[in-house]
Amino acid sequence: MSGQDNTKSHSAGTGRSYRSSNTGLFGSEARSATDVAMQSIVAYIRDNHLKVGDPLPSELTIVESLKLSRSSVREAIRTLVSLDILEVRRGFGTFVADMSLEPLVNGLTLRITLDDDHARSRLIDVVDTRQALDLQISRDVIEHRDDIDGVFLGRLINQMKSAVMRNEPFMESDSMFHDHILSVTSNGLIQELSKALWRVHMVAVPKLHLTTKDNLEQTVDAHQKIVDAIVAGDEDAYRQAVVDHYEPLREALGVK
């Protein structure tokens, strides 16, 4: 079977199959043997309903099934590892990875921090998207407020205040604060995207020198407003507090 065949080839000893096609990983035309290998490996994962942590056949088995060069298959595996689709465990083999949004985080962070001309506009896009996601779950937050621990959030806010007084960042407390609120929504994609964009935000803001003690204090105050609104069961107040939460950064970016 050549790299351009649209046929199936059974992998030795598994009873499962690889499909080699000229379609690229995300639907575009495959331009190389590596692209064909990537598409075929992804098709194998999909067709055989593999889950996170499931093993793939050996590299040699994949090579023989696809009738592609070992270098093409090896490069395909390396690329899929970089995309968090596969994970190589030395001495054990290749496994389906958790397919996290880590590549998105790395790509967005680089786009913002390496391009001075567009850095601020791209960070504004991140802020806008974070705010939109926070507002999207407002009803979930209020409806499931009994599952939110206001005392725990209050302790995190106190940690933030102490950090500001010491002129120190409070990334861990902030992460725990937002993760706890996100936990009430059943929309897993919103959770993942929110956490990914939070990480981009936290890397980009210091690199662009946008953090001041004044805007950190305003941000901490907005966290308190968020908690107060949740405890009161007031969705409108919660939504306004979310907007207030991002306002200091918008001001630093010159956006209203």
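This is a predicted model: local features need pLDDT of at least 70, side-chain atom pairs count only at pLDDT 80 or more; totals for chains, interfaces and linings use all residues.

User: How many helices and strands does the protein have?

Analyst: Helices (H or I, at least four residues) and strands (E, at least two) are DSSP runs, numbered from the N terminus. Counted that way, the protein has eleven helices and four strands.

User: What share of the residues counts as buried?

Analyst: Buried means under 20% relative accessible area, exposed over 50%, and partly exposed in between, using a 1.4 Å probe and protein chains only. Of the protein's 256 residues, the buried share is 43%.

User: And what percentage of contacts between residues at least 6 apart in sequence join residues at least 24 apart?

Analyst: A contact here means heavy atoms within 4.5 Å. Among the contacts between residues at least 6 apart in sequence, the part that joins residues at least 24 apart is 61%.

User: Which residue with a positive phi follows helix 1?

Analyst: Most residues other than glycine have a negative phi. After helix 1 comes a residue whose phi is positive, near 55°, and that residue is H49.

User: Are helix 2 and helix 3 parallel or oblique to each other?

Analyst: Two packed helices are described by the angle between their axes and the distance between the axes. Axes are lines fitted to C-alpha atoms, for helices over the stretch in contact, and angles run from 0 to 180 degrees between N-to-C directions. Helix 2 (residues 59-66) and helix 3 (residues 70-82) pack at about 120°, with axes 9 Å apart. Angles under 35 degrees count as roughly parallel, over 145 as roughly antiparallel, 65 to 115 as roughly perpendicular and the rest as oblique, so helix 2 and helix 3 are oblique.

User: Which residues of helix 3 make the contact with helix 2?

Analyst: On the helix 2 side, the contact uses E59, L60, I62, V63 and L66. The residues divide into six nonpolar, no polar and three charged; Ala, Val, Leu, Ile, Met, Phe, Trp, Tyr, Cys and Pro count as nonpolar, Asp, Glu, Lys and Arg as charged, and the others, Gly among them, as polar. On the helix 3 side they are R70, V73, R74 and I77.

User: Which helices do the buried residues of helix 8 pack against?

Analyst: Helix 8 (residues 171-182) has twelve residues and reaches 16 Å from its first C-alpha to its last. Its buried residues include F177, H178, I181 and L182. The helices they pack against are helix 5, helix 6, helix 7, helix 9, helix 10 and helix 11.

User: How is helix 8 oriented relative to helix 9?

Analyst: The axes of helix 8 and helix 9 come within 11 Å and cross at roughly 165°. That makes the pair roughly antiparallel.

User: Which residues of helix 9 make that contact with helix 8?

Analyst: Helix 8 brings M171, D174, S175, H178, D179 and L182. By class, the contact has five nonpolar, four polar and three charged residues. From helix 9 come I190, Q191, S194, K195, W198 and M202.

User: Is N167 buried or exposed?

Analyst: N167 sits in the loop between helix 7 and helix 8. Its phi is near 60°, a positive value in a residue other than glycine. At a relative accessible area of 64%, N167 is exposed.

User: How far apart in space are V127 and Y246, C-alpha to C-alpha?

Analyst: V127 lies in helix 5 and is buried, with a relative accessible area of 2%. Setting aside neighbours within four places in sequence, V127 is in contact with Y246, L249, R250 and L253. V127 and Y246 are 119 residues apart in sequence, and their distance in space is 7.2 Å.

Definitions and conventions: Residues are numbered from 1 along each chain as its sequence is written. Side-chain values use heavy atoms; hydrogens and water are left out. The expected span of a helix is 1.5 Å times one less than its number of residues.
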